[in-house]
Amino acid sequence: MQTDPARDALAERIRQRLASYPDVREKNMFGGVAFMVDGGLAVSAGRGGDLLVRVDPSDYRDLLTAGGQPAYMGGGRPMGEGWMNVPLDIIADDEVLGWWIAVGRTSRDS
């Protein structure tokens, strides 16, 4: 994986936020560093420092108003309402980043 300073900095911030969870694994995917929590993908530090978040599709519209944006695969194909991209400027604050990580962590529980 090529070096991307913004992605790598975000991955480190995510590691710090998830350090207290016993079952966290990292995997290179989606061009970023994905974080699996309790066996499910929660978030991924993406290119340029944006955050890819697994979301409950029933919360998708509300999360758009919180700063999330539709996520896209290569070729401009939408990933659907179970995924959201959160730009770096929205998650610059650690508390906001923690909130979005919690969204990703709990999206599988619904």
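**Entry 1: the sheet**

Before I start, a reminder to myself: two strands count as paired if DSSP finds at least two bridges between them. Also, I'm looking at a predicted model.

I wanted the hairpin of β3 and β4 first. There are five residues between these two strands, and Gly48 in the turn has a positive phi of about 75°. The β3–β4 pairing is antiparallel and runs over three bridges. I picked out one of the partners: Ser44 is bridged to Leu52 in β4.

Then I zoomed out to the whole sheet. In what order do the six strands sit? Reading across, I get β1-β2-β3-β4-β6-β5, an open sheet with antiparallel pairing. β1 and β5 (69–70) are the edge strands, and each of them pairs on one side only.

**Entry 2: walking from strand to strand**

Strand β1 covers residues 24–29 and is joined to β2 by six bridges, with the two running antiparallel. One pair I looked up here is Asn28, whose bridge partner in β2 is Val33. These two strands make a hairpin with two residues between them, and Phe30 in the turn has a positive phi of about 60°.

Next came β2, residues 32–37, which pairs with β3 in the antiparallel sense over five bridges. Phe35 has Val43 of β3 as its bridge partner. This is a hairpin too, with two residues between the strands, and the turn residue with a positive phi (about 50°) is Asp38.

Four bridges hold β4 and β6 together, and the two strands run antiparallel. Val53 is bridged to Met84 of β6.

I also checked how covered β3 is. It spans residues 40–45, and six of its six residues are buried. I had to remember the cut-off for that, which is under 20% relative accessible area.

**Entry 3: the helices over the sheet**

Which strands does α1 lie across? I listed β1, β2, β3 and β4, and the helix runs at about 15° to β2. For α3 my list was β2, β3, β4 and β6, and this helix runs at about 35° to β4.

Then I looked at the two helices against each other. As a rule, two packed helices are described by the angle between their axes and the distance between the axes. For α1 (residues 5–18) and α3 (residues 94–106), the axes come within 10 Å and cross at roughly 70°. Angles of 65 to 115 degrees count as roughly perpendicular, so that is the label for α1 and α3.

I wrote down who touches whom. On the α1 side the contact has Leu10, Arg13, Ile14, Arg17 and Leu18, while α3 brings Asp94, Glu95, Leu97, Gly98, Ile101 and Arg105. Sorted by class, that gives five nonpolar, one polar and five charged residues.

**Entry 4: salt bridges**

How many salt bridges does a search of the whole structure find? The count is five. The general idea is that side chains of opposite charge can pair when their charged atoms come close.

I looked at Arg7 and Asp8 first. They form a salt bridge, with the closest N and O atoms 3.0 Å apart. Is Arg7 buried or exposed? Its relative accessibility is 4%, so it counts as buried. Asp8 has 33% and is partly exposed.

Arg15 turned out to have two partners that I could look up. With Glu12, the N to O distance is 3.0 Å.

Glu26 is partly exposed, at 41% relative accessibility.

How values were computed: Residues numbered from 1 in each chain as written. Predicted model: local features only at pLDDT ≥ 70, side-chain atom pairs only at ≥ 80, totals over all residues. Heavy atoms only, no water. Buried < 20%, exposed > 50% of the residue type's maximum accessible area, 1.4 Å probe, protein only. Axes fitted to C-alpha atoms, helices over the stretch in contact; angles between N-to-C directions. Parallel < 35°, antiparallel > 145°, perpendicular 65-115°, else oblique. Contact = heavy atoms within 4.5 Å. Nonpolar A, V, L, I, M, F, W, Y, C, P; charged D, E, K, R; others polar. Salt bridge = Lys/Arg side-chain N within 4 Å of Asp/Glu carboxyl O.
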